[in-house]
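Here's a quick tour of the structure, from the whole chain down to single residues. Have the sequence and the model open while you read.

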Amino acid sequence: MSTLPFSNEQVSLVEQRASPVDDRTLRIFLGESPCLTSRRNPRISTVIFVAVVAATALVMALAGPWSRHWGLGNSWLGVDLGTQQLRESLEFCGHVDRDTEYHTQETLYWINDIFSEEMCCALCDGDPSCGAWTFGKAKNVSGMSKHCNLLKLHKGENPIKYKRPGMVSGIRHTEIRKHGIVAELLSKDTGNTNHVSNVTNTTCPGKVNITGLRELSVRSALWYKPKMQGNPVQVPDGNWGVFPQYNSRAYFSDSCVEGEVNSEMYAALKLLGTTIQYTVDLSGLGCGCNAQFHLVTMRYNSDASQCGDYCCGAAQVKQCGVSCPTISLQDANQYAWSTSVHLSNDADGKSVGYGGGSEKPGRRHWSDAEYGPQAKCIDTTWPFRVSVSFNEKFAGMLDRIEVTLSQEDRHDCTLKESITEYNFKKESGLAEFSRILEKGVTPMLSYSGGEDMTWLDGVGADGKGPCVRDVPKMCPQSVKFYDFEVTRHEVAPKVSGDILLNALGVIHADQERHAMDERKDRLHNITHMEAGISTDCVDDCAPMKIEATDGEYVEDRQGNEEWEIVATEVQVRATPSFRGIVLGLLPQGVVLFGQRSGDWIKLTFDRGYVAILRKEEYSTSFFLERRVVSYEKLTEGNCVGAGLFPINGNLACKAAAFALGYFDRTINTYDGTGRPEGCYVKDGQLWIGDRGNKGNGAMHGAEPICGSMAYPTSTTTTTTTTTSTKLVTTSTSTKSTTTTTTWDFPSFFCVTLMRADGHELEILKKQLFRRTGVFACEEYAIYSDHSSPQQVGVAPDGSEIRSVVIPPITQQINNLQGGSPCVGTQTMLNVWDMVHKDGRYKRHQWVLKVDPTAVFLPDRLKDKVKKQSDLAERSGFFVTTCERFNTIAPSLEVFSVHALSKFYRRNQWQCTVDQIQQFPCEESFMTQCMDVLGAKRLTGLHLAGDPHCEAAPCTDDKRALFTNHFQDPAEWFKCFNEAIH
């Protein structure tokens, strides 16, 4: 069977028009005679139509609840259902036409046994060839009911619509994303994955460490199913993980001897009142793949099973023939997740997670926006952490099973769900599992796939599941489980009994916890460094904790992963394989930055992969050593004085700056003295000072970035082959001079955003030439979503004026200001964070955000705010520049430095938590935020001539800003000339 709730036989290609039988059935259903020709007297048609409608209304009025026998309800007469189900359907499938059948030039295929219009439109979404769909919603009509017709729309084609009661049709909704069919199409081009391992399966591949517990043996199943040999299970050196191959299964055992098997050798872990944690990598596991981690009662199973190794489980009735109570920590692929419990012979059990379903919806506790590739909480293209807790209600009684998925290195949010109730045949499932967990369970890992995985990843009747077809032939060869850990929950000591014994018990428990923590630290070092690398956890095993000593804002980022080359020389390869093309060589001592992928590091700032280790038959060679580093940017003093180390390398400077929130990856070299040693930030740009600045710290607005560990001081180069790209970072060299400036009062720090895909750079160059706009402010910063800094021009002191890199700018529509375009809140929060890092705003009384295409005359604004400027550094003010709506205008935002400082001190959260979703446009968000923070509004200044707020001609000499979203420099220059004359 396929993943869809229909067999391959049910999917049949049809002609462009419906078959005669189906057409005849529809005519009968409409009350027409099958003998009527297509040419009909219009009067007769009208009479028939009126009669049919009247008769239908009478039947429905008399039938009452029976009118829903056909599954049409009030929609039979075209009356709005007004139900929540209909609203959800419209939201999911987009616009639909009811009692309507679509016809197009080309029909893809009919599919039988489709249970809802949502499922039909989801199937259309999963097929890249589908443009429209038609579903037979009416019940018990041959050739119509539960039929889904997928149609192709050619370019410029619109479907022909026919009135057909009982049919629902729609156009493909572009926002729905279903999976499976594309993978199947790709498999025809690339061929099937060969799931037959070329490695001999051994019963005892190795051992695995479980932090907080002990080391256990891993036993590989010789038979995956009766008459089907199992593929091998791999255990990497260092005992830090288990990697099941496709169609393999592994059990955790107290001991393992080749050729021997009995149930007593399997581990029986007593997990009641504990939490078991592990990391899993599901990347590449598509529709039809299933990576399983189950807890079963194999230790107490007396039936050797058809596989001969005492395997049992809820799903193992189909595998090895023996059923037993099972806790499924996971059945999962990168699109679906299930955590479930099953008593013996209960195949359905109770489950939580996301995905699955056919006639009924499956698990919907999460959504594909939260779990899946590129999802906002768990991005399954990367490894993530799984935590399953067996919480006690009281001693010996299971209260709930709670699963938590987290990905702290990529996302702040977690996915959490609990199983709090489960009964089967009047038996309390949680009570039974209390006894099982107290007695002991055996961990079992397996990996397989199939074309009948609807229960796991199917779309379901609501159409909200992820997969429309399962393609197991595209499943990768293996899946990775690693970093296992078991922690026992705190249990309150009993007060009764001998006080001395109780006290000694508490002391003993504390000693045990301390010893467990030490074992955990040692094992953590082993699992991240691999076997053979130092396992003595000294000071540099954990990141240094950096704290602010004066209560001021401190930029630091702890727990950053780096890799130091410990071999004499390493090769950089194009792919993570020792057969990959060699791109270059790197010498011992160089520190690398990248994302770990198995036993390789994918370089972050350059092309290529570097191996962490190489396993051979009798030995393992190590090339890289993991180190964890903290970074901090200093506003005063030097790195050595802060107990840190200067960063002198380009790559390390990039990595440290990016970790601190700077998005620019271009390193500038300063030739001269009077700058910090090594890596530093000045005006939002990254720089590295030359050796003449050794020992220098923060000075002249340049702030050093330091690390908690030393970096190589020697200069290294990379030898590259003719087929490679160089791994040497290019940099630009710019000389700069520092001048002392006395500013007028009040003074402005101005900020502007420049889009990469617009005309704003040319307009800004025109403003710089005229020394107007933001360039007439005392200091300014230009932010852009270009991939690299853009040169705007040259400042009066001869220094380059360049943009600071930020993530892509998002644009929204401000419904609170007449539908005007606006910058997304999250984009501007990134910019305000960069302004905070810059720090120059503190030198001024006012901070402004200005539209880059606007004609802005700062001197006129100074006259308007001069009265409040004496208080600007002590009181929070902001100007409601959009008079029409009494809010901040997107073209001009004006804040006193004190108001912005309050914004930063509150870390934005007092505003963000409740309002970021409510106000997607940044100016509306900031208006509400300033009100929440207690900043005072300055109204009635009439500063901006903005057509969305208060239109004004460029000749209005009372205005400080004019904007009409000028599209080119000529339009801007025309308004500018009118404004100044």
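## The chain as a whole

Take the contacts in the chain between residues at least 6 apart in sequence: 69% of them join residues at least 24 apart, with contact meaning heavy atoms within 4.5 Å. This is a predicted model, where local features need pLDDT of at least 70, side-chain atom pairs count only at pLDDT 80 or more, and totals for chains, interfaces and linings use all residues. Residues are numbered from 1 along each chain as its sequence is written, and side-chain values use heavy atoms, leaving out hydrogens and water.

There are 16 helices and 58 strands in the chain; these are DSSP runs (H or I with at least four residues for helices, E with at least two for strands), numbered from the N terminus. Of the 981 residues, 52% are buried. Buried means under 20% relative accessible area, exposed over 50%, and partly exposed in between (1.4 Å probe, protein chains only). The chain exposes about 45,500 Å², and carbon and sulfur atoms supply 50% of that; accessible areas come from the Shrake-Rupley method with a 1.4 Å probe, and for residues only the protein chains shown count as cover.

How much of helix α15 is buried? Eight of its eleven residues (the helix spans 922–932) are, so α15 is largely enclosed by the rest of the structure. The buried set is E922, E923, S924, F925, M926, T927, C929 and M930. After the helix comes G934, with a positive phi near 85°.

Helix α11 (residues 825–838) meets α15: their axes come within 8 Å and cross at roughly 65°. Axes here are lines fitted to C-alpha atoms, for helices over the stretch in contact, and angles run from 0 to 180 degrees between N-to-C directions. The two helices are therefore roughly perpendicular, going by cut-offs of under 35 degrees for roughly parallel, over 145 for roughly antiparallel, 65 to 115 for roughly perpendicular and oblique for the rest. On the α11 side, T825, M828, L829 and W832 touch E922, F925 and M926 of α15. By class, that contact has five nonpolar, one polar and one charged residues. Nonpolar covers Ala, Val, Leu, Ile, Met, Phe, Trp, Tyr, Cys and Pro, charged covers Asp, Glu, Lys and Arg, and the others, Gly among them, are polar.

## A hairpin

Strands β47 (residues 791–794) and β48 (residues 800–802) run antiparallel and are joined by three bridges; two strands pair if DSSP finds at least two bridges between them. G793 sits opposite I801 of β48. Five residues lie between the strands of this hairpin, where G798 has a positive phi near 90°.

Most residues other than glycine have a negative phi. D99 isn't a glycine, yet its phi is positive, about 55°. D99 belongs to strand β1 (residues 96–103) and, at 6% relative accessibility, counts as buried.

N345 also has a positive phi, near 70°. N345 is in the loop between β16 (337–342) and β17 (350–357), and is exposed at 61% relative accessible area.

N247 is in the loop between β11 (241–244) and β12 (248–253), and its 18% relative accessibility makes it buried. Leaving aside residues up to four places away in sequence, N247 touches Y224, M228, G230, N231, Y447 and S448.

E485 is in strand β27 (residues 480–488) and is buried at 10% relative accessibility. The C-alpha atoms of E485 and T279 are 9.6 Å apart, with 206 residues separating the two along the chain.
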